[in-house]
Amino acid sequence: WNLCKVFLLVHLVLGSFPDSCQDIILGSHKEGGATTFWSYILNLPLSSNSMVSWKVCYLLHKMLREGHRNVVTDSHRHSRSIRDMGALWGNLHDRYGHIVALSAKYLHLKMEFHAKHKVIPCNLEVTDETLEREAGTDMTKVLDMTQELLEYLDAGLKMAETGKTKTDWTVCKKTNNCYIWNAVLCVPILLNALIPCAFRCIDSST
């Protein structure tokens with residue numbers, strides 16, 4: 001990444017969202033991962049500014065879904081930091097703190113799931129055959145994977161529902177900061193991934 005990309009990253013998180021945020025995602029493909037991304041994210045005031053934390057969640061979600069495949073591995077190293085950031089904001093009475101807490105939990109579960117199941121991309125565009133191969137024939141593993149998907153889905157639903165009731169939509173439209181739409185769009189995709197595993201669990205119990 002060149003310095004322009006770095007300055008763009010800082011502006012994206014600390015300022016308004018420019019249309020050129022796609023350059024950051026493209027930068028991950030050029031670099032082959034997210035090392036530079038995280039070297040700057042970790043220096044941002046994540047524990048003192050809920051809006052910055054909210055924007056980081058937005059950007060991380062886009063990086064995981066659209067960035068280079070190594071973004072998952074590079075980001076998983078910081079999964080606990082994101083989880084801890086969410087726990088911190090969940091305990092504070094801040095306008096956006098609760099949404100940040102739920103977003104961080106969702107992202108933590110997302111990173112944990114995809115780091116464990118590497119054949120399933122973060123955009124969840126996967127065939128039933130790939131899901132079945134990943135789950136395998138061991139019903140214990142199938143049940144574990146089903147439980148992981150249920151927790152993943154539950155976190156996404158809670159984030160979307162809370163965001164819908166607490167987000168200032170006027171600000172959201174002006175800043176193009178509608179992160180909750182990412183969660184809403186992921187719900188049907190998660191359901192599509194969950195259903196084959198759930199049916200296998202049902203079949204095994206009959």
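Helix 4 and helix 5 (70-76) each put at least two residues into the lining of the largest pocket, in what is a predicted model. That pocket has a volume of about 250 Å³. Its lining is made of 14 residues, and R69, V72, K118, P121 and C122 are the ones that lie nearest the centre. Sort the lining by class and you get six nonpolar, five polar and three charged residues.

Stay with helix 4 for a moment and look at its packing against helix 7. The axes of helix 4 and helix 7 come within 9 Å and cross at roughly 25°. Angles under 35 degrees count as roughly parallel, so helix 4 and helix 7 are roughly parallel to each other. Their crossing is left-handed. On the helix 4 side, the contact uses S50, S53, W54, C57, L60, H61, L64 and R65, and on the helix 7 side it uses G97, I99, V100, S103, A104, Y106, L107, K110 and M111. By class, this contact of helix 4 with helix 7 has ten nonpolar, five polar and two charged residues.

Helix 4 (residues 50-66) also meets helix 2 (residues 22-31): here the axes come within 10 Å and cross at roughly 45°. That angle makes helix 2 oblique to helix 4. The crossing of this pair is right-handed. Helix 2 brings Q22, I24, I25, S28 and H29 to the contact, while helix 4 brings L59, K62, M63 and E66. Those residues split into four nonpolar, three polar and two charged.

Helix 6 (residues 79-90) packs on helix 7 (residues 97-116) at an angle of about 160°, and the two axes are 7 Å apart. Anything over 145 degrees counts as roughly antiparallel, which is why helix 6 and helix 7 get that description. The crossing of helix 6 and helix 7 is left-handed. If you want to click through the contact, pick S79, R80, I82, R83, M85, G86, W89 and G90 in helix 6, then G97, H98, V100, A101, A104, L107, H108, M111 and E112 in helix 7. By class, that set has eight nonpolar, six polar and three charged residues.

Technical notes:
Residues are numbered from 1 along each chain as its sequence is written. This is a predicted model: local features need pLDDT of at least 70, side-chain atom pairs count only at pLDDT 80 or more; totals for chains, interfaces and linings use all residues. Side-chain values use heavy atoms; hydrogens and water are left out. Axes are lines fitted to C-alpha atoms, for helices over the stretch in contact, and angles run from 0 to 180 degrees between N-to-C directions. Helices (H or I, at least four residues) and strands (E, at least two) are DSSP runs, numbered from the N terminus. Angles under 35 degrees count as roughly parallel, over 145 as roughly antiparallel, 65 to 115 as roughly perpendicular and the rest as oblique. A crossing is left-handed if the near helix is turned anticlockwise from the far one by less than a right angle, and right-handed if clockwise. Contact means heavy atoms within 4.5 Å. Ala, Val, Leu, Ile, Met, Phe, Trp, Tyr, Cys and Pro count as nonpolar, Asp, Glu, Lys and Arg as charged, and the others, Gly among them, as polar. On a 1 Å grid over the protein atoms alone, a cavity is a set of points where a 1.4 Å probe fits but cannot get out, and a pocket is an open set with protein on both sides within 12 Å along at least five of seven lines; lining residues have an atom within 4 Å of a point. Grid points are joined across faces, edges and corners, and a volume is the space filled by probe spheres set on the points.
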